[in-house]
Structure formats: structure tokens, C-alpha cells
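User: I would like a close look at the pockets of this model, with attention to what lines them.

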Amino acid sequence: MSNISITVKLEGKNYPIIIGNGVIEDLPRQLGSFTQSRRVFLLSDEVFRGGYCDELTRNLKENGFEVITSYVVGGKADKTIYRALSLLDMLESMEFTRDSTFVVLGGGVIGDVGGFVAATFFRGMNLVHIPTTVTAQIDSAIGGKVAVNHNTTINAIGTYYHPRVILIDMDFLKELPRREFHSGMGEVIKSAFIKDVGFIDYLLAHSQDIISKQPDALAEVIRRTVQIKLFHVEADMREEGVRLYLNYGHTIGQAIEIASGLGREVYRHGEAVGLGMVAAAKLADLYYNDGVDRYNAHVKLLQAYQLPVTINVESIGMGAQSLRRSIYANLFKDKKRVAGGFRFVLIPEFGRAETVHNVSSRDIKSAINCLFE
């Protein structure tokens with residue numbers, strides 16, 4: 001399979017997304033294309049110590065780069081301002097400069113923390129994303145949003161900052177744990193429901209090829225999902241209009257993440273988004289009342305990728321009634337909420353999304369309740 005190159009055009013800046021196998025080997029050449037500095041700070045997920053990270057470091061050093069490496073555990077417990085400050089301390093004490101490069105190798109948490117650090121050090125140093133999970137490759141690494149959680153609020157501290165290049169190496173997905181892979185498919189499914197009804201059909205028809213990581217099918221999934229993300233981001237960089245549609249499933253999904261404990265990570269992000277989509281589908285059925293069965297269509301596709309469609313109360317360690325109340329209360333922390341009340345992303349029809357404001361609390365609670373059936 002030949003590499004796929006997609007050019008991103010955002011806020012007057014163009015940069016490439018390169019999709020393929022073994023594309024991280026091209027990192028030295030990519031660095032030389034935008035900076036004269038030979039200093040690289042590499043933030044890597046701990047799981048790549050002694051493997052991909054060492055190979056990448058060796059390749060950079062053989063091409064004349066100085067590399068400082070730091071490892072973190074890529075879980076939500078590390079997505080904090082305190083982790084970001086510790087990395088900023090390292091950059092300052094080692095006298096990195098604005099024209100040096102911060103490379104992030106890992107999943108969404110690594111990308112968010114590393115991107116936030118790169119954006120804030122000297123008001124912005126060079127940033128390169130090497131996303132290693134499905135979620136990071138098709139969603140979190142793309143679009144320029146970088147942030148950390150604070151207390152019990154997801155992405156409470158953040159900004160917008162663009163990388164110089166994104167290298168999507170599909171080799172990482174070969175060894176990705178089963179649960180992590182399926183979780184990433186939650187964001188893929190979200191993209192299909194909000195923009196491309198033909199993609200919904202493709203995901204249903206090719207589920208076994210995708211689950212078995214057949215290269216051509218996987219490349220098609222990544223390409224189509226990246227292009228859907230870019231369609232929304234390029235039209236609305238600052239999330240004032242259509243980019244909000246990318247949050248489909250996130251309003252209730254993130255409320256579930258908070259209720260179950262961010263540090264505990266009972267649900268992976270894509271799993272929580274999947275649950276949020278099920279609730280949003282039920283909410284849309286109630287809101288539009290047009291006879292379209294969005295709920296069962298979502299359940300069918302999510303189950304094809306072995307994603308949960310109901311909440312496992314026992315795994316959270318909280319009574320069902322208390323959990324329902326907690327999820328509803330956490331909706332008030334959602335960043336998409338406005339002065340007039342809740343703002344939900346719903347799909348009036350498959351492949352098209354819109355934001356609605358006048359949703360009744362009764363219907364919201366009914367939508368949450370469907371996750372406990």
C-alpha cells in the first residue's frame with residue numbers, strides 16, 4: 001500500500017498528514033524541512049520504551065539530531081496541568097528554544113499534554129504528532145485542539161495549536177490491544193453518523209476486515225475519518241458552528257467518564273462516546289418523533305465493533321440511581337453548554353448533524369435511562 005498524503009489548511013498554515021506503513025522513518029527529513037535546530041524533545045508513552053521509541057531515537061541521532069526523551073503513562077491520570085508543568089520545567093532547564101521540536105509519540109493523552117506544552121513554551125515551539133492509537137490517529141491529533149483536564153472537568157485548560165506534520169503510521173495498530181482498537185472505532189462510527197451515510201454502510205459491510213486489521217480496509221477507515229474531521233475543522237476552526245458536530249456523543253459520554261472517575265478510566269474514551277451516541281440517538285428519536293429508529297441503528301453498528309451499549313453499573317461501584325443523577329449533574333460541566341441551557345448535537349437523519357437547544361430535561365433523563373436497560 002502506497003502512502004496517503006493529505007494537506008491541512010488551517011488559520012493560514014498548511015501542513016501534511018501522512019498515512020502509511022513505516023512513515024515514522026521519514027521523521028528526520030520532515031524535521032529538516034521546517035527547522036534548522038537539531039534539538040528534539042521526545043515525549044513517549046511508556047509502552048514504547050525499548051521498542052519504537054528507541055528505534056526512532058536511533059534514527060534521529062544517526063541523522064545528526066540531539067534527542068532528549070521523557071516517558072509517561074498514557075492514561076487519563078497523567079492528563080493534568082501538573083504533568084504539563086513538569087515537562088515545561090524540563091524544557092526550560094535543558095535550554096530548549098522555540099525553533100527546537102517537541103515530538104509526541106503515543107495516544108490521545110500524550111498528544112494533548114505534549115501539544116499543550118509545545119503550545120505554551122515560549123508561546124509555541126515546533127510540534128510533531130506521531131499518534132499511535134485509532135482515536136489519536138483519526139481524531140485527537142487532528143484539528144489543533146490541545147488541553148489538559150483539571151479537577152473533574154475534561155479539557156478545562158487548553159488552547160488551539162497546530163503541528164508541523166502528523167505522521168500516521170499504521171504499523172502501530174498491529175500491536176494495539178483489542179480493547180484499545182475497538183474503543184477507537186467509537187470515534188470512527190461517530191464520524192460516519194454525522195457526515196457520511198455511505199460510510200455507515202461500509203463499516204457494517206466490512207466490520208470483520210476492519211476488526212482483523214486488513215491493511216486496505218484499515219487505510220480506508222483512517223482516510224475517510226480524517227477527511228470528515230478536516231471537513232468540520234477547516235470550516236470552523238474555533239468550534240463556533242459545524243465543528244461542534246464532532247462532539248456528537250460526547251456530551252453524555254464525557255458525563256459518564258466523569259461519573260465513573262477520570263483517573264480510574266472504567267470506560268475508554270471511545271467506549272464512553274459510544275454510550276453517549278446511544279443516548280443521543282434515543283434523545284433524537286424523542287426530539288424529532290419522526291418514526292426513524294436511530295437508537296437501534298446505533299446499537300447495531302456499535303455492537304458490530306464490540307463496543308458497550310449499556311452501562312455496567314457494577315464496574316463503577318455506584319448504585320444505579322446515584323449514577324444516573326451523577327451523569328445528569330455532570331452535563332452542567334460540558335463545555336458546549338451555553339447560557340440558555342444544554343446544547344446537544346443530534347442527527348435529524350443519518351449522515352447529517354445539527355445542534356439543538358430546546359431539549360427537555362425529561363427527555364434527557366429518558367435518554368440516560370436507556371443506558372441502564
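How do the residues of the lining of the second largest pocket divide into nonpolar, polar and charged?

Analyst: In this predicted model, the lining of the second largest pocket consists of five nonpolar, four polar and four charged residues. The volume of this second largest pocket is about 200 Å³. It is lined by 13 residues, and those closest to its centre are Lys 13, Asn 126, Tyr 161, His 162 and Arg 164. Two elements give two or more residues to this lining, namely strand E2 (13–20) and strand E6 (126–131). Of the elements, E2 gives the most, with three residues.

The largest pocket can be described in the same terms. Its space comes to about 1,200 Å³. The lining of the largest pocket has 48 residues, and Gly 108, Val 109, Asp 112, Thr 135 and Ser 140 are the closest to the centre. Two or more lining residues come from each of these elements: helix H4 (108–120), helix H5 (134–140), strand E7 (145–150), strand E8 (153–160), helix H7 (178–195), helix H11 (250–260) and helix H12 (269–288). The most comes from E8, which gives five residues to the lining of the largest pocket. By residue class, the lining of the largest pocket divides into 14 nonpolar, 18 polar and 16 charged residues.

To return to the part asked about, the second largest pocket has strand E2 as the element that gives the most to its lining, and the lining residues there are five nonpolar, four polar and four charged.

Conventions
Residues numbered from 1 in each chain as written. Predicted model: local features only at pLDDT ≥ 70, side-chain atom pairs only at ≥ 80, totals over all residues. Heavy atoms only, no water. 1 Å grid on protein atoms, 1.4 Å probe; cavity = no way out; pocket = protein on both sides within 12 Å on 5 of 7 lines; lining within 4 Å. Points joined across faces, edges and corners; volume = space filled by probe spheres on them. Helix = DSSP H or I, 4+ residues; strand = E, 2+ residues; numbered from the N terminus. Nonpolar A, V, L, I, M, F, W, Y, C, P; charged D, E, K, R; others polar.
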